[in-house]
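Below is a short briefing for someone meeting this structure for the first time. It is grouped by topic and can be read alongside the view that follows.

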Amino acid sequence: MDFSFTKQEELFLQMIREFAEKEVKPLAAEVDEEERFPIETVQKMAKIGLMGIPIPTQYGGAGGTNIMYGMAVEELSRVCATTGVILSAHTSLCCAPILEAGTEEQKMKYLPKLASGEWIGAFGLTEPNAGTDAAGQQTTAVLDGDQWVLNGSKIFITNGSYANVFIIIAMTDKSLGTKGISAFIVEKDTPGFSIGKKEKKMGIRGSATTELIFEDCRIPKENLLGQIGKGFGLAMKTLDGGRIGIASQALGIAQGAMDETIKYTKERKQFGRSISQFQNTQFQMADLETKVQAARLLVRSAHYKKDHGMPYSADAAMAKLFCAETAMEVTTKAVQFHGGYGYTREYPVERMMRDAKITEIYEGTSEVQRMVIAGKLFK
Amino acid sequence: MKIVVCIKQVPNSSEAKIDPATGTLNRAGLPSIMNPDDKGGLEFALQLKEKYGAHVTVITMGLPQAEAILREAYAMGVDRAILLTDRKLGGADTLATSNAIAGALRTMEYDIVITGRQAIDGDTAQVGPQIAEHLDIPQVSYLAGLDYCEECKTFKCTKETEDGYEILEMQAPCLVTVLASAVQPRYMSVNGIVTAFEKEVEVWGADRINVPEECIGKAGSPTSVFKAFPKQLKPAGETFEVTPEEAVELIINKLKEKHII
């Protein structure tokens with residue numbers, strides 16, 4: 001595996017860093033403080049093609065690689081984890097399953113609008129009683145003539161109140177267990193579909209995390225995504241991809257906290273010298289930097305395998321597990337290095353520490369990642 | 001409409017560090033960028049393209065690695081990119097540079113040539129105006145705004161002056177030099193980046209531009225550098241919290257201290 005960037009990736013990195021620094025970073029604290037979805041940033045991202053990075057050009061995407069997409073999530077999250085997850089959920093959890101399992105008609109109908117950013121995407125799997133045990137779906141879909149009728153609710157849905165298209169996982173035949181679960185495409189204004197309460201969260205506070213409610217929600221028969229009974233597999237495959245997105249997000253948060261801590265410890269003087277000159281600082285930072293680099297290589301490896309059509313499920317789980325735990329460790333120590341200032345909102349590490357926590361939880365907790373990795377070891 | 005934009009690769013001097021031992025710019029590891037004023041010029045060209053339809057060519061003279069800014073220009077939306085590179089062109093001052101670029105432009109069709117006002121590595125602001133003189137075409141420098149009148153086939157130029165703005169109309173073919181502060185350049189698009197390396201960068205040598213050898217490169221450069229030195233940093237200003245009356249006295253005393261009054 002080649003770890004060097006291609007010329008395209010180098011140019012992409014130049015662009016996305018400049019974009020993150022000029023367009024995203026200045027809003028990060030405000031978006032967090034006001035729990036505000038940064039719609040103006042999403043529109044700017046759409047304008048330059050960031051909402052459709054790995055989508056092929058025939059479906060209106062930019063035709064880029066998954067590595068580029070990961071770089072985008074990382075660099076955005078480096079300055080604002082909210083913006084990173086908006087892109088990650090849109091791309092990995094909505095565009096990707098349509099690209100994976102959609103019919104040509106579905107791809108032509110939805111992908112150009114999603115890739116251009118005209119529409120935002122979301123994904124509904126989690127329910128009040130189906131979190132890590134995702135097979136315990138209680139949302140049902142029943143075929144009635146040429147329509148599917150959905151009933152139930154989903155919770156913790158990223159982009160919920162801003163999305164136009166939702167991939168919804170529902171039970172079509174409870175007697176078949178996971179083989180009775182199917183996936184559907186639901187559009188925002190469908191009668192019987194509504195957005196429920198918005199969560200008040202610890203971190204990524206600008207991302208619109210909401211409940212979705214289905215009450216006799218009727219969608220056309222052709223909105224079944226993939227084959228009937230194959231929804232659970234599609235959801236798991238979608239999450240495999242999503243996990244690399246979240247790994248990239250966690251990596252970006254960790255890198256952002258490193259950047260801030262290096263800057264701060266060089267400026268902050270105690271006992272007559274910069275605290276970066278103390279060996280305690282240097283050794284701890286050296287350890288953290290090593291972990292961040294290792295995390296980056298795991299993400300690159302998972303993206304590389306995905307881009308080259310190789311199995312990557314366990315790689316994605318390892319990348320997400322390690323990146324999330326690294327992000328949590330780096331941000332916690334970053335706050336400690338900042339001392340009392342780190343505990344205030346005057347410095348971004350406080351936000352980064354709150355943002356990091358979710359990466360150990362969503363799109364499969366760290367425990368789920370360990371189950372996936374162990375499952376490969378002991379199969 | 002045919003537009004040619006002249007761009008230059010420069011060291012990113014905003015990240016430059018002065019070597020304390022020698023007092024010179026430490027160029028090692030300094031990233032290279034598209035000169036900011038030139039990028040502003042490129043943005044004006046792309047806006048004209050969007051508004052009126054145009055074919056936009058970028059040209060740069062420099063080392064082979066200057067190809068990087070041509071790829072960047074492709075990713076921003078230009079149609080053609082030319083790299084003018086040759087050992088014979090090396091060591092050029094502004095006159096030799098403008099001779100070479102004017103030579104290249106004589107072989108091309110254009111309605112307007114757009115350059116940056118000046119490059120951040122030399123700050124001379126001479127190459128653009130010199131090109132216009134060589135080509136004997138009208139020019140407006142220090143451009144803060146640019147538009148086109150389709151009916152009258154003229155370019156409407158807003159020129160920044162010390163006192164404000166002058167609005168000038170210019171017949172094609174013509175040349176303008178642009179200020180970076182005049183416009184926010186667009187970001188490269190993702191698809192632009194993906195396809196930028198599939199497009200051809202035309203590499204032109206000195207033989208392509210039909211300019212006598214004594215007018216290009218070191219031979220065509222009458223300038224000799226007497227001394228290079230870093231710009232002295234101004235010390236931080238002082239702040240005084242005083243009443244208006246006290247301020248008057250304080251300012252007068254400061255001016256007296258410096259023997260200004």
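B:His259 counts as exposed because it has 6 C-beta neighbours inside 10 Å, where 12 or fewer is the limit. The model is predicted. B:His259 lies in the segment after helix H6 (244–257) of chain B, and its phi is near 60°, a positive value in a residue other than glycine.

**Other positive phi values**

- A:Asp216 has a phi near 50°, again positive in a residue other than glycine.
- This residue belongs to strand E7 (residues 210–220) of chain A.
- A:Asp216 is exposed, because 12 other C-beta atoms lie within 10 Å and 12 or fewer counts as exposed.

**Chain B overall**

- Chain B has six helices and 13 strands.
- Its C-alpha atoms fill a box of roughly 65 × 50 × 40 Å along the principal axes.
- Of the 261 residues in chain B, 38% are buried.
- Among contacts in chain B with a separation of 6 or more, 71% are between residues 24 or more positions apart.

- Strand E8 (residues 112–116) of chain B is largely enclosed by the rest of the structure, because five of its five residues are buried.
- B:Ile112, B:Ile114 and B:Gly116 point one way from E8(B), while B:Val113 and B:Thr115 point the other way.
- In a regular strand, side chains alternate between the two faces of the sheet.
- E8(B) pairs with strand E1 (residues 2–6) of chain B in the parallel sense over four bridges, and B:Val113 in E8(B) stands opposite B:Val4.
- E8(B) also runs parallel to strand E12 (residues 174–178) of chain B, joined by five bridges; there B:Ile112 has B:Cys174 as its bridge partner.
- B:Pro173 sits in the loop between strand E11 (165–171) and E12 of chain B, and the peptide bond to it from B:Ala172 is cis, with omega near -5°.

**Helix H4 of chain B**

- In helix H4 (residues 127–135) of chain B, the buried residues are B:Val127, B:Gly128, B:Gln130, B:Ile131, B:Ala132 and B:Leu135.
- These buried residues pack against helix H3 (94–106), E8, strand E9 (139–149) and E12 of chain B.

**Helix H1 of chain A**

- Helix H1 (residues 7–33) of chain A has 27 residues and spans 38 Å from its first C-alpha to its last, close to the 39 Å expected.
- H1(A) has a kink of about 45° at A:Val24, shortly before the proline A:Pro26.
- Buried residues of H1(A) include A:Leu11, A:Phe12, A:Met15, A:Ile16, A:Phe19 and A:Val24.
- The cover over the buried residues of H1(A) includes helix H2 (39–47) and helix H9 (349–358) of chain A, as well as helix H2 (67–76) and helix H5 (190–196) of chain B.

**Core and chain contact**

- The largest nonpolar core has 187 residues, and A:Phe184, A:Cys323 and B:Ala100 have the most contacts inside it.
- Leaving aside neighbours within four places in sequence, the contacts of A:Phe184 include A:Trp148, A:Ile168, A:Ile219 and A:Leu225.
- The contact between the chains takes 15 residues from chain A and 12 residues from chain B.
- On the side of chain A that touches chain B, eight residues are nonpolar, five polar and two charged.

How values were computed: Residues are numbered from 1 along each chain as its sequence is written. Chains are lettered from A and ligands numbered from 1 in the order in which they are written. This is a predicted model: local features need pLDDT of at least 70, side-chain atom pairs count only at pLDDT 80 or more; totals for chains, interfaces and linings use all residues. Helices (H or I, at least four residues) and strands (E, at least two) are DSSP runs, numbered from the N terminus. The expected span of a helix is 1.5 Å times one less than its number of residues. The bend at a residue is the angle between axes fitted to the seven residues ending there and the seven starting there. A residue is buried if 20 or more other C-beta atoms lie within 10 Å of its own, exposed if 12 or fewer, and partly exposed in between; C-beta atoms are placed from the backbone. Two residues are in contact if their C-beta atoms, placed from the backbone, lie within 7 Å. A nonpolar core is a set of buried Ala, Val, Leu, Ile, Met, Phe, Trp, Tyr and Cys residues joined through C-beta atoms within 7 Å. Ala, Val, Leu, Ile, Met, Phe, Trp, Tyr, Cys and Pro count as nonpolar, Asp, Glu, Lys and Arg as charged, and the others, Gly among them, as polar. Two strands pair if DSSP finds at least two bridges between them.
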